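Subject: A structure for you to explore

Hi there,

Here is the structure I promised to pass on to you. Please open it beside this email, so that you can look up each place as you read.

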Amino acid sequence: ADMTETLGDGEALATLHRVFGYDAFRGEQEAIIEHVVAGGDAVVLMPTGGGKSLCYQIPALVRPGTGVVVSPLIALMQDQVDALRALGVRAGFMNSTQDFDERRVVEAEFLAGELDLLYLAPERLRLDSTRDLLSRGKISVFAIDEAHCVAQWGHDFRPDYLALSLLGERWPDVPRIALTATATRATHKEITQRLGMPKARHFEASFDRPNIQYRIVPKADPKKQLLSFLREEHAGEAGIVYCLSRNSVEKTAEFLSRNGIEAVPYHAGLDAGTRAAHQSRFLREEGLVVVATIAFGMGIDKPDVRFVAHLDLPKSVEGYYQETGRAGRDGLSSTAWMAYGLQDVVQQRKLIQGSEGDEAFRRRAAAHLDSMLALCETAHCRRSQLLAYFGQDPHTPACGNCDTCLTPPETWDGTVAAQKVLSTVVRLQRERGQKFGAVQIVDILLGRRTARVIQFDHDQLSVFGIGEELSESEWRGVVRQLLAQGLLAVEGEYGTLVLTEASGTVLRREREVPLRKEPPKPVTSRSGSGS
Ligand code: ADP
Ligand code: ZN
């Protein structure tokens, strides 16, 4: 684009129509784009699938020069660039997967002003050669995607992100937009500080989807449970059923079909033709059920999906939110239904242990899983817990429209137990300047003289052995639920436990802590035989 053209709202909207083929902006997109096009910095918190990409792609197209997008998702760059090129956008990327020649082509295009968008891996910006290259071209906007990666105690911390503060110093006239789908209040502040964006305007889209009813039921005979759910509440309506494996996708689709529900499978093992046919039937028809792995749904924008069902536990709250978010785009009431059981936990833990990722990856995956489990186990409103997870107002009132609101689960008064856990964390930190994970905290509470307890003299703490009334697994349940309620937080690589702002209210006895009763052990468990 050319600076002499008018930069009014008109041009952003025209670009939305002409390039992307959409009718209107969604939610905050328009305000964000207007602000950045006018040269302002922005920090954007928006749910996955909310439409963050357009927030920088349109300013990049409207303002003169190339939009530089910093993204840690190297594996996605090729796809993103291909998708943009298919729309006629001149896009390129630079990362470690390219050879020298490929990179030189992109560099030449950038210098010649032939790129609208250039995707860069953050580590590229540590290289003087990259910075020099950028200095020799014209940049319209810097977009910092997955901006929470700059937060040092977050699950996804990337040291390379710390160097991104130089962008503002070196290119003070180029607007910057930092985007993320996950950010607590504290992370939001950290993003602003570490990226050096004190003047940035903050945009926080609501993560709330009031027309979706969240329900998580104990898993008994999942296929039958699903069938009654569909028959009783969503007969003849379109929806998605998510399963973990291709095999269970096939079996579930068959089962539903046999029982008079129009259902088709969708997973990466089917040939491209079948997949495309099933997808287009789903988009066209009114009452088709697609049984799918998570391969299904990317970029699907069907407004009248009435339910999303999970027969297996998603790996993270982000995944759960994104998948359930495909329901009810038309604003009409819809259901997010999940069957969840002990086996899910076992299965997911095994998957993490058997994964090829390194130790840090496994720890991140475990933390993600714990948050998902906490959502399953909460005694509180699922919606407010979901919103709190994404860093939105933790005081959101109960919604009255989720299963825990409609049928409150049995709870016990965990106030004293919570105080014991929190005091242990406080003692370690105040008296010893130490932080530890759940295992050590529970060992201290139970008064166990393990090697690690002895090593750190933790049997000398006044809290040593104050929690013998509960079992180890009950204590782990307490810790997990405190994490879920935001009364305790996990920090850093080692998953150490730390207090949150809200912890004080428990320690000062200003509030009670109701905890959900732990689900009973399965009858067939062999570990119950008293060994
Ligand atoms: P995010 O990066 O926030 O996860 P995306 O930018 O990938 O989300 O957008 C999610 C989906 O929504 C994409 O398929 C995108 O094309 C679509 N989308 C975004 N904005 C609009 C809009 N204004 N109108 C219609 N579809 C949109
Ligand atoms: Zn609720």
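**The whole protein**

Please keep in mind that this is a predicted model. The protein has 531 residues, and 41% of them count as buried. Its secondary structure comes to 21 helices and 17 strands. If you take the contacts between residues at least 6 apart in sequence, 73% of them join residues at least 24 apart.

The crossing of the two is right-handed.

Which residues make the contact between them? From α2 they are Gln-29, Ile-32, Ile-33, Val-36 and Val-37, and from α3 they are Leu-54, Cys-55, Ile-58, Pro-59 and Val-62. Sorted by class, this contact has nine nonpolar residues, one polar residue and no charged ones.

After α2 comes Gly-39, and its phi is positive, near 100°.

**The nonpolar cores**

In soluble globular proteins, nonpolar side chains tend to be buried together. Here, the largest nonpolar core has 59 residues. Val-44, Leu-118, Ile-177 and Ala-178 are the ones with the most contacts inside this core. Helix α3 gives the largest share of the core, seven residues.

Leaving aside its neighbours within four places in sequence, Val-44 is in contact with Ile-32, Lys-52, Cys-55, Ile-177, Ala-178, Leu-179 and Phe-203. There is also a second, separate core of 53 residues, which includes Ala-253, Met-338, Leu-375 and Phe-390.

**A buried alanine in a loop**

Next, find Ala-238 in the loop between α9 (222-233) and β9 (239-242). Is Ala-238 buried or exposed? It has 21 other C-beta atoms within 10 Å, so Ala-238 is buried. Not counting residues up to four places away in sequence, Ala-238 touches Phe-282, Glu-286, Gly-287, Leu-288, Asp-304, Val-305 and Arg-306. Ala-238 and Val-289 are 51 residues apart along the chain, yet their C-alpha atoms are separated by 5.4 Å.

**Two residues with positive phi**

Glu-146 is not a glycine, but its phi is positive, about 50°. You will find Glu-146 in the loop between β5 (139-144) and α7 (166-170). Glu-146 counts as buried because it has 20 C-beta neighbours inside 10 Å.

Arg-509 is another residue other than glycine with a positive phi, in this case near 60°. Its place is the loop between α21 (503-507) and β17 (514-516). How many C-beta neighbours does Arg-509 have inside 10 Å? The number is 10, so Arg-509 counts as exposed.

Best wishes

Key: Residues numbered from 1 in each chain as written. Chains lettered and ligands numbered in written order. Predicted model: local features only at pLDDT ≥ 70, side-chain atom pairs only at ≥ 80, totals over all residues. Left-handed = near helix turned anticlockwise from the far one by under 90°. Helix = DSSP H or I, 4+ residues; strand = E, 2+ residues; numbered from the N terminus. Contact = placed C-beta atoms within 7 Å. Nonpolar A, V, L, I, M, F, W, Y, C, P; charged D, E, K, R; others polar. Core = buried A, V, L, I, M, F, W, Y, C linked by C-beta atoms within 7 Å. Buried ≥ 20, exposed ≤ 12 C-beta atoms within 10 Å, placed from the backbone.
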